[in-house]
Amino acid sequence: MVTLNDYLIASGLLFAIGFAGVLLRRNVIIIFMALELMLNAANLSLIGFSRYNVHDGVPDYNGQVLAFFIITVAAAEVTVGLAIIVALFRARQTTHVEDINTLKF
Amino acid sequence: MMLFFGGMVILNRNPVASALSLVVSFIALAALYVSLDAYFIGVIQILVYAGAVMVLFLFIIMLLDLKAESRRRVNFPAVCGGFVVIILFIKVLSDVCYGFEGGNAKFPPISQGPQGDVWHVGMVLFRQYNVALQVVGTLILVATIGVVILSKRELK
């Protein structure tokens, strides 16, 4: 029988993978994908808790609505972020974060 | 499977292979949502992520014509620090999960009656969270305008 803990652990591991991607990879686009993984990990735990809190045979839909909003905002964020990456690529011809160090102290 | 392909996303050197692993990971995640009786979110996940967002990623990768990363001189302290932070994170996570008593209970059964999942989500979304929905709509509009302005040739 699958329990809530299994879903929470899967969600946490997915978040850890995304976190590792953001910390270890040096390509802006891969960092973006890792960010998406972290957002989805949060969604998975939200939906797990939504299924766990059942009142009168109906799951708690607040969690699902919050996951819906997260998906929407993530989609908007991806479009803006990729537009910024394209603008950056035009200016610098690179997507490596180590080559973008003008603001570095 | 979701975790395996999630790992492949960050392990692959080639951005295209990375993006395709991300698609598989998202589809497996949608299957997990369906197994949690969240059909609406599962369908939205496939449509928005596996459809729209991934096409966007692949389009940008093709547009920028990215090659597989060459092996660079790695910044050794940074990589070590990254691994330390991640191992600590997983440690905290396992502590929290095993300290959480309610997590081992079985999921209670649900009976949604004649209305399906989408009906319930719609009721909550359009009644209780109507203002938030409007705000998100405006946010998407602003994002669209912002992207159009950002992708103009030169900013004046």
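A:His96 lies in the segment that follows helix H3 (61–92) of chain A; helices here are DSSP runs of H or I of at least four residues, strands are runs of E of at least two, and both are numbered from the N terminus. Before I continue, a word on the source: this is a predicted model, in which local features need pLDDT of at least 70, side-chain atom pairs count only at pLDDT 80 or more, and totals for chains, interfaces and linings use all residues. Residues are numbered from 1 along each chain as its sequence is written, while chains are lettered from A and ligands numbered from 1 in the order in which they are written.

Is A:His96 buried or exposed? A:His96 is exposed, because 12 other C-beta atoms lie within 10 Å. The cut-offs are these: a residue is buried with 20 or more other C-beta atoms within 10 Å of its own, exposed with 12 or fewer, and partly exposed in between, the C-beta atoms being placed from the backbone. Leaving out residues up to four places away in sequence, A:His96 touches A:Arg26 and A:Asn27, where contact requires C-beta atoms, placed from the backbone, within 7 Å. From A:His96 to A:Ala20 the separation is 76 residues in sequence and 17 Å in space, C-alpha to C-alpha.

I turn to the contact between the chains. Chain A contributes 59 residues to the contact and chain B contributes 64 residues. On the side of chain A that touches chain B, the elements giving two or more residues are helix H1 (4–24), helix H2 (28–52), strand S2 (58–59) and H3 of chain A. H3(A) supplies the largest share of that side, 22 residues. By class, the side of chain A that touches chain B has 42 nonpolar, 14 polar and three charged residues. In this scheme Ala, Val, Leu, Ile, Met, Phe, Trp, Tyr, Cys and Pro are nonpolar, Asp, Glu, Lys and Arg are charged, and the others, Gly among them, are polar.

Next, the interior. In soluble globular proteins, nonpolar side chains tend to be buried together. The largest nonpolar core here has 47 residues, and those with the most contacts inside it are A:Leu14, A:Met33, A:Leu44, A:Ile47, B:Tyr33 and B:Ile41. Such a core is a set of buried Ala, Val, Leu, Ile, Met, Phe, Trp, Tyr and Cys residues joined through C-beta atoms within 7 Å. Two or more residues of this core come from each of H1, H2 and H3 of chain A, together with helix H2 (15–35) and helix H3 (39–64) of chain B. Which element gives the largest share of this core? That element is H2(A), with twelve residues.

Of its 25 residues, 19 are buried, so H2(A) is largely enclosed by the rest of the structure. Apart from neighbours within four places in sequence, A:Leu44 is in contact with A:Tyr7, A:Ala10, A:Ser11, A:Leu14, B:Leu29 and B:Leu32.

How does H2(A) meet chain B? The axes of H2(A) and H3(B) come within 12 Å and cross at roughly 175 degrees. Axes are lines fitted to C-alpha atoms, for helices over the stretch in contact, and angles run from 0 to 180 degrees between N-to-C directions. H2(A) is therefore roughly antiparallel to H3(B), the term for angles over 145 degrees. A:Ile29, A:Met33 and A:Ile47 of H2(A) make the contact with B:Ile41, B:Phe57, B:Ile60 and B:Ile61 of H3(B). This contact has seven nonpolar, no polar and no charged residues.

Within chain B, there are six helices and zero strands, and buried residues make up 19% of its 156 residues. H2(B) and H3(B) pack at about 175 degrees with axes 8 Å apart, and are therefore roughly antiparallel to each other. Their contact has 20 nonpolar, two polar and no charged residues.

In the loop between H2 and H3 of chain B lies B:Asp37. B:Asp37 has a phi near 65 degrees, a positive value in a residue other than glycine. B:Asp37 counts as partly exposed because it has 18 C-beta neighbours inside 10 Å.

Finally, B:Leu88 is in helix H4 (residues 76–99) of chain B. B:Leu88 is exposed, with 10 other C-beta atoms within 10 Å. B:Leu88 and B:Leu63 stand 25 residues apart in sequence and 38 Å apart in space, C-alpha to C-alpha.

Conventions. Contact = placed C-beta atoms within 7 Å. Parallel < 35°, antiparallel > 145°, perpendicular 65-115°, else oblique.
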